[in-house]
Amino acid sequence: MLEHFRKQNPGKTILPVTDPAFCRFGRVLTEWDMAPLTAFADDYLKVPSSGTVYVPSDPVLEAHPTIQSLLMPFFSGLPYQVGYCNGFARRIVAMEYHRSSEFDLAVTDTLMILGDVRDVSANYQFNTKDSVVFYLPKGTAVELYSTTLHYAPSEVHPTGFKVVCALPRTTNTPLPDGALATAQAATGEHRLLAMINKYVFAAPGSDEARQGMYVGITGEDYVVKG
């Protein structure tokens, strides 16, 4: 599948997640057996007919024994939430980052389009030419560092993608009353704050831009074909 996507996308960097280049963005987690959680989540999670669905916190996933043994040390004892992102997404419509690492488990074969905040310009613009695509086989778990730009994963197969996501609790939930309006009127990095622990660069013309998120994606309309 990796070679298929490379042939369909000349000019784009598409690498296996085991490539040393991934070390800039995160690390592959090999300390835990992900097979039980992968099998459970594959049966439990459903893919929408179109688009993507993101749920920050799902009590059923949070109760799974693998999650409970893994995420306490992963988040250093901080309260965490476990949810999922499922669906279809091949275009950069936005990129986001957090003040913390993120745990992701590829429940299906998955592509991740990633960037690095160190490639963001001084005026808070990210050019899509600096994106790198990584291929994660089913059952692969990764840590994405807080400096890694990302958004919804991308499907490998026509049946869509399923990814289990974990972050510090309340991440990607609404800001306190008045905080969003303050952020949208601010300058600098504060202007990027869209939800709790969520800084967003939106692409021009995207739904995110129409919702008032900071427009900071430049470069070509980045779409992974195949």
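1. Arg-99 and Glu-189 form a salt bridge, with their closest N and O atoms 2.7 Å apart (a salt bridge being a side-chain nitrogen of Lys or Arg within 4 Å of a carboxyl oxygen of Asp or Glu). Arg-99 lies in the loop between strand 5 (94-97) and strand 6, and Glu-189 in the loop between helix 5 (179-184) and strand 14 (193-195), so the pair ties together parts 90 residues apart in sequence. Helices (H or I, at least four residues) and strands (E, at least two) are DSSP runs, numbered from the N terminus.

2. This is a predicted model, in which local features need pLDDT of at least 70 and side-chain atom pairs count only at pLDDT 80 or more, while totals for chains, interfaces and linings use all residues. Residues are numbered from 1 along each chain as its sequence is written, and side-chain values use heavy atoms, with hydrogens and water left out.

3. Asp-42 meets Lys-138 in a salt bridge (2.8 Å, N to O), and Asp-42 also meets Lys-162 in a salt bridge (3.0 Å, N to O). The second pair links distant parts of the chain, with Asp-42 in helix 2 and Lys-162 in strand 13, 120 residues apart. Lys-162 counts as buried at 10% relative accessibility, whereas Asp-42, at 24%, counts as partly exposed (buried means under 20% relative accessible area, exposed over 50%, partly exposed in between, with a 1.4 Å probe and protein chains only).

4. In helix 4 (residues 65-74), the buried residues are Thr-66, Ile-67, Leu-70, Leu-71 and Phe-74. Just after helix 4, Ser-76 takes a positive phi of about 55°.
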